[in-house]
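These are my notebook entries on a structure that I had not examined before. I set down what I looked up, entry by entry.

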Amino acid sequence: LFFILFIVVVSARTYADFTPQASFDIKKCDVHKLEEGPPLQAVLTREEGLQYYRTMQTIRRMELKADQLYKQKIIRGFCHLYDGQEACAVGIEAGINLSDHLITAYRAHGYTLTRGGTVREIMAELTGRRGGIAKGKGGSMHMYTKHFYGGNGIVGAQVPLGAGVALACKYLGKNELCVCLYGDGAANQGQIFETYNMASLWKLPCIFICENNKYGMGTSVERAAASTDYYKRGDFIPGLRVDGMDVLCVREATKLAAEHCRSGKGPILMELQTYRYHGHSMSDPGISYRTRDEIQEVRSKSDPISMLKDRMLSNNMASVEELKEIDVEVRKEIEDAAQFATTDPEPPLDDLCNHIFYNDPPMEVRGTNPWTKLKSIS
Amino acid sequence: ALTAMAATRLFLSASPVKSSLTGLTGGTRSSLGLTLLKRSPDRTAEPKAQRRHAAHFTYHPDPAPAQYGPTQKMNLFQAVTSALDNTLAGDPTAVIFGEDVAFGGVFRCTVGLRDKYGKDRVFNTPLCEQGIVGFGIGAAVAGATAIAEIQFADYIYPAFDQIVNEAAKYRYRSGNLFDCGKLTIRSPWGCVGHGSIYHSQSPEAFFAHCPGIKIVVPRGPVQAKGLLLSCIADQNPCIFFEPKILYRAAVEQVPTEAYQIPLSQAEVLQEGSDLTLVAWGTQVHVLREVAAMAQEKLGVSCELIDLQTILPWDTETVCKSVVKTGRLLVSHEAPVTGGFAAEISSTVQEECFLNLEAPISRVCGYDTPFPHIFEPFYIPDKWKCFEAVKRMINY
């Protein structure tokens, strides 16, 4: 009886007491060649808040789990973790539709999730198993889902690709756009500027986003770039600088950018000022070019998940227990995924030569000596 | 330094791996291929991770050279640092630049040089390979000894146009008025155990097709220092590929003074009478083991040649050897189609056709992108090479 009463009390509290939505002040965005930036206030509903919280917490826990598995040598190769930058992935996805397109560089686990991948598939891909999102053949840097074009290892090479996708969007007339991400290090690559020119010339619906986490591997932005105003580097492309640690700020800016593109005005550039807690990759401790204090300061003052949590709790949009429950669920999901990723079998050896070309009938691939030929099916 | 230490921990290998081939018959092609790919089933006791992720070769150090002065124990990256140190000391126009070279480089090849020689001689560039090489060509043309670093050979492709169209053709198109001979490009090269698609490539074949540049790949620290100094001194633009898996694994007694090992001269490491083995870089050590196995198990005496310079390559040494033995096996990690073994094979059959006792054998990587999870099956390890030796002997 007591148990039933307890449940009734809890449910009554859940649905009656919480504020359904609230309005929050967000930081003003610096603008370049734009009339005005996004609004200074954002409305967040309870459902949205819980969803963002859950997704960001999933990304966070997933990256930390990947860290753990890497140290146990279950994940090998290269692994670039996204923790600290969750607000970017979640905020961008909140500002666009799943039918839009997105392409990013190698720090891609967060985007794989927001674009429709499951934690199980992502973790299995990290460990190189057949249940992985790229069948175990891609690894950390090469994850793909529908309308998410990776996951690209070569720095800056994904940006012209993104413009191409944007051209297809414009051509096919489905009112879709392409979000094309790159980092502060990649912003100095020549092909980025070639892409700005093409996108602007042909008014492609492309949102260029520079995720500025202040360090290109171990080089701080001041030491790599003559101009660290990455949102202005598009020159003739309008730009805005956004607080990338605030999911609402990112969402509002993305909405503005999406509207700009969809109305046929051409490309737009967004700089998200964000931070990564881990080093560049798992082989980088991340403290030889920045101090532990700096990392601690960002963690305590600007952590995206804490910021959202504080906002929701102080406006009575969720309870501490509810958020804790989400944490527990997320933890379980990650544990299950890690279990799957560790126990799933590796892809079969035949897969070594599959999917090189498109070929029908299957073609032969030369092996390591003249008497071995393997079959390639695609 | 901490970054680099952690990075190098990544490249250390665990216990040796054993893969054996289960009975080669001349069966149907795909089953033959799969048979070759199958690993020996009797090692289930060993932890799976250790078994899979171990080095495919054993490093054989060269004896300490006596003719270049006092020597010191160095590994490959220290030998490179030593060569660069000698260069910066002796040549006031020498500059070193590339991504992250200032703190010492991601493979510690430039540790201490910035402190010693100043930040105007050892400096970082932004992330732009095309810009790095183009800038290097300009600096070389103007008279500075420019040593550019491309962080991984896999990233050299944005600079391909600059190397092939600008650097290689500068002297030719200006009728010897200008040249960028003072340019040397250094880049880590080759498989490393877990590098996967973009950290394991061996692109020497792409550049071998381009007259005007020189391509050099050392097999160990002593060779690396001598060859790098030769490249820097050479009056042609040179690309120096450093096998990254050997950076820590290869330790030798290396002379501390500057010395040069001549370019375009292949080195006969081991004389033999029945079969010639040719390789460069890491693969030389794989073939050393193959030669030992061939002697022990088949009584076959192999002559092992380290090509060292890929372009222009020492045709004379290789052909002379094939005339003596009658059989040739060339091995490299890069994919077999269009790999440099094809060029060697073609030239040798032109020059030594009547001396050949068996078709020339190329044991190379598969025609696939360099795989992540399948690496142990992809690389031309000693078992595949040994199998090729057996076939050639029994031809």
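Entry 1, contact between the chains. I take contact to mean heavy atoms within 4.5 Å. The model I am reading is predicted. With that cut-off, I find 46 residues of chain A in contact with 50 residues of chain B.

Entry 2, buried area. I looked up how much area chain A and chain B bury between them, and the value is about 4400 Å². Carbon and sulfur atoms carry 66% of that area.

I looked for salt bridges between chain A and chain B, and the count is zero.

I turned to helix H6 (residues 129-141) and helix H7 (residues 160-167) of chain B, which pack at an angle of about 25 degrees with their axes 8 Å apart. Angles under 35 degrees count as roughly parallel, and therefore I describe H6(B) as roughly parallel to H7(B). On the H6(B) side, I list B:Gln130, B:Val133, B:Gly134 and B:Ile137 as making the contact. On the H7(B) side, I list B:Gln162, B:Ile163, B:Glu166 and B:Ala167. By class, I note four nonpolar, three polar and one charged residues in the contact of H6(B) with H7(B).

Notes: Residues are numbered from 1 along each chain as its sequence is written. Chains are lettered from A and ligands numbered from 1 in the order in which they are written. This is a predicted model: local features need pLDDT of at least 70, side-chain atom pairs count only at pLDDT 80 or more; totals for chains, interfaces and linings use all residues. Side-chain values use heavy atoms; hydrogens and water are left out. Axes are lines fitted to C-alpha atoms, for helices over the stretch in contact, and angles run from 0 to 180 degrees between N-to-C directions. Helices (H or I, at least four residues) and strands (E, at least two) are DSSP runs, numbered from the N terminus. Angles under 35 degrees count as roughly parallel, over 145 as roughly antiparallel, 65 to 115 as roughly perpendicular and the rest as oblique. Ala, Val, Leu, Ile, Met, Phe, Trp, Tyr, Cys and Pro count as nonpolar, Asp, Glu, Lys and Arg as charged, and the others, Gly among them, as polar. Buried area is the accessible area (1.4 Å probe) that two parts lose on being put together, summed over both. A salt bridge is a side-chain nitrogen of Lys or Arg within 4 Å of a carboxyl oxygen of Asp or Glu.
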